[in-house]
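The sequence and structure are shown first.

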Amino acid sequence: MSQPINKPSAKGLDVCLTPALIPLYNVEDYIVVVIDIFRATTSICYGIENGAEAIIPVSQVEECSAYLEKGFDYLLAAERNGEVVVGFDFGNSPFSYTKEKVAGKTIVLTTTNGTHALHLSRSAKKIVIGAFINLTAICNWLKQQDESILLVCSGWKNNFNLEDTLFAGAVVEQLKNSGFVVDDPALAANDLYNIAKDDLNKYLKKTSHSERLKKLGIEADIEFCLKIDLTTAIPILDGDRLVKLQ
């Protein structure tokens, strides 16, 4: 079996453009930032900001259901193809993660893309969750880390997507002059971000995922997911649970 080829330089800042490319990286050499702007990582950040005790990411709907069968008093959140899975409390709309609904609660979450990318990254030194709503907070934290950073874009069913790549580019914009060695995908993501940054919503109206969400009648979710710095919470994986970084 061929070995991963993308071993980071001293304090690298690298972008993995889809989960399908994760095997090309020595993930254990990095702090990983998982990105799924529409909508999983936005909702995770918002839920943790609003007092959720923990969010447990799982890969499959059946794993989510198993927590109920075991008698845990958890909220169950499952989304596939942009829609709430029948029989679950909610999906991954950020509007489901308000203080009234999630404060003090543990949520078990499975989504089409974001939880998949997270599970493929589990051998990383640390895993944190990034979204436009915690952009400055996560960038400030990353600047303080003496480790290489891998920004993992969740994409759409292992394909490249624009919204996650633009967020990666926004992170690169803030970190590129902080002593990191930037790889080619990071440079490309940063260039795309600089094209789009003056009106992210307008630029992303043409994306395939945006079109999918609009067909579901949830344009408000898209607008919310592109808001900058609504939160300072940084979710970090602690065992099998995403909790607020202290």
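Throughout, a residue is called buried under 20% relative accessible area, exposed over 50% and partly exposed in between, with a 1.4 Å probe and protein chains only. The model is predicted: local features need pLDDT of at least 70, side-chain atom pairs count only at pLDDT 80 or more, and totals for chains, interfaces and linings use all residues. Residues are numbered from 1 along each chain as its sequence is written, and side-chain values use heavy atoms, with hydrogens and water left out.

**Cysteines**

Cysteine 153 is buried, its relative accessible area being 0%. With a disulfide defined as a pair of cysteine sulfur atoms within 2.5 Å, the structure holds 0 disulfides. For cysteine 153, the nearest cysteine sulfur belongs to cysteine 16 and is 7.3 Å away. For cysteine 225, the nearest is that of cysteine 45, at 10 Å. Cysteine 225 also counts as buried, at 0% relative accessibility.

**Secondary structure**

Helices (H or I, at least four residues) and strands (E, at least two) are DSSP runs numbered from the N terminus. Helix 1, residues 40-49, is mostly covered, with 9 of its 10 residues buried; among them are Cys45 and Tyr46. Just after helix 1, glycine 51 adopts a positive phi of about 95 degrees.

Strand 7 (residues 126-130) has 4 of its 5 residues buried and is therefore largely enclosed by the rest of the structure. Strands pair if DSSP finds at least two bridges between them; strand 2 and strand 7 run parallel and are joined by 5 bridges. Valine 33 stands opposite valine 128 of strand 7.

Leucine 24 lies in the loop between strand 1 (12-16) and strand 2 (30-35) and is partly exposed, at 35% relative accessibility. Threonine 106, in strand 6 (residues 106-110), is buried at 7%. Counting contact as heavy atoms within 4.5 Å, and leaving out residues up to four places away in sequence, threonine 106 touches Glu53, Ala54, Ile56, Tyr74, Leu75 and Arg241.

**Nonpolar cores**

A nonpolar core is a set of buried Ala, Val, Leu, Ile, Met, Phe, Trp, Tyr and Cys residues joined through side-chain atoms within 4.5 Å. The largest has 75 residues, and those with the most contacts inside it include Val32, Tyr97 and Leu151. Its largest share, 7 residues, comes from helix 6 (residues 162-175). Apart from it lies another core of 10 residues, including Val58 and Phe88. Beyond its neighbours within four places in sequence, leucine 151 contacts, among others, Val33, Ala168, Val171 and Val172.

**Aromatic rings**

Rings of Phe, Tyr and Trp (its six-membered ring) pair if their centres lie within 6.5 Å; planes under 30 degrees apart count as stacked, over 60 as edge-to-face and the rest as tilted.

| Ring pair | Centre distance | Plane angle | Class |
|---|---|---|---|
| Tyrosine 67 and tyrosine 74 | 5.9 Å | 40 degrees | tilted |
| Phenylalanine 132 and phenylalanine 167 | 5.2 Å | 90 degrees | edge-to-face |

Phenylalanine 132, in the loop between strand 7 and helix 5 (135-143), and phenylalanine 167, in helix 6, are 35 residues apart; both are buried. Tyrosine 67 is buried at 14%, whereas tyrosine 74 is partly exposed at 21%. Ring pairs also link Tyr46, Phe95 and Phe224 into a cluster.

A charge sits over a ring if NZ of Lys or CZ of Arg is within 6 Å of the ring centre and within 35 degrees of the ring normal. The charged end of lysine 70 is placed in this way over tyrosine 67, 5.4 Å from the ring centre, and lysine 11 lies over the face of phenylalanine 180, at 4.6 Å.
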